[in-house]
Amino acid sequence: MEIRLFQIDAFSERLFSGNPAAVCPLDAWLDDDVLQKIAAENNLSETAFFVKMGQGFHLRWFTPVCEVRLCGHATLASAHVLFHHLGYPGKEITFETLSGSLNVSRDGEWISMDFPNQEPVPCAPPPRLLQAFGLSEAICLKREDYFLILENEEAVVNARPDLDGLRALDLRGVGISARGKSHDFVSRFFAPKYGIDEDPVTGSAHTQLAPYWSKIIGRDELLAKQVSKRGGEIKLRVSAERVLISGKAVTYLAGTLSL
């Protein structure tokens, strides 16, 4: 069996930046064990698989070690493949996922994803979390992940966390964030317990960060940057129940895998 495989740099308009995701269009679902093995072999933070379903597509995301409920950059990559490689004729796509129906649209080179608003709540920082970043105190938020709000952009860029400490925490991952110099806010994201020491650009984290910063800054439209080594830029629009996450994408690889 041959399966088409694309590797897309998401949240970027140039190669070797943004967040790489593998995308495999399927005619029908394979066994979950096979999907997981493909994701492990690809060894990227996410591999997306989709199957045509009615007027839309059923979309799933796998890290090298497990399936996840929500992934922004691999959704963006999947839409890019449909729009630019598979001849999808419309301007809007509906993906059915573990997080419900996700609508994606395009406007020129920008692809916008309509995701749930997952506003985090303040919490007491777990001691192990503070220790992992060498901090004695920090503003801490949580929802799907923990987030520490740091003093400035330099603190985010220069952080060198203890990944073993982060791996022992109970939630999916850990983000750090601060007001930015040229962007409304910046962030980094770590998910070592899911096989991702640091994720280059994390769309799903911004369903949590955008509502927080929207209230702090006092605007519904924001421009964010994830300041990982690869880096990536994200446009955001926040409403009461949804977060519109927009980015660009570029194709690095198109080929086939053999099973």
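Contact here means heavy atoms within 4.5 Å of each other. Keep that in mind as we walk through this predicted model, where local features need pLDDT of at least 70, side-chain atom pairs count only at pLDDT 80 or more, and totals for chains, interfaces and linings use all residues. Residues are numbered from 1 along each chain as its sequence is written, and side-chain values use heavy atoms, leaving out hydrogens and water.

Let's start with Phe95. Setting aside neighbours within four places in sequence, Phe95 is in contact with Phe57, Leu59, Thr75, Ser78, Ala79, Leu82, Gly100, Ser101, Leu102 and Val104. Phe95 also belongs to the largest nonpolar core, which has 51 residues; Trp61, Phe95 and Leu236 touch the most other members. A nonpolar core is a set of buried Ala, Val, Leu, Ile, Met, Phe, Trp, Tyr and Cys residues joined through side-chain atoms within 4.5 Å. Buried means under 20% relative accessible area, exposed means over 50%, and partly exposed is in between (1.4 Å probe, protein chains only). Helix α2 (residues 72-84) gives this core its largest share, 7 residues. There's also a second, separate core of 20 residues, with Cys123, Leu148, Val186 and Phe190 among them. In soluble globular proteins, nonpolar side chains tend to be buried together.

Leu148 takes us to strand β11 (residues 146-149). Helices (H or I, at least four residues) and strands (E, at least two) are DSSP runs, numbered from the N terminus. Tyr146 and Leu148 point one way from β11, Phe147 and Ile149 point the other way, and all are buried. In a regular strand the side chains alternate between the two faces of the sheet.

Who are the neighbours of β11? Two strands pair if DSSP finds at least two bridges between them. Strand β10 (residues 139-142) runs antiparallel to β11, with 4 bridges joining them, and a hairpin links the two through 3 residues. Lys142 has Tyr146 as its bridge partner in β11. Strand β12 (residues 174-179) runs parallel to β11, again with 4 bridges, and here Ile149 stands opposite Ser177.

Now for two loops. Phe16 sits in the one between β1 (2-10) and β2 (19-26), and counts as exposed because its relative accessibility is 59%. His85 lies in the loop between α2 and β6 (92-97); at 31% relative accessibility, His85 counts as partly exposed. Not counting residues up to four places away in sequence, His85 touches Phe6, His80 and Thr251. His85 and Phe6 are 79 residues apart in sequence, yet 9.3 Å apart in space, C-alpha to C-alpha.
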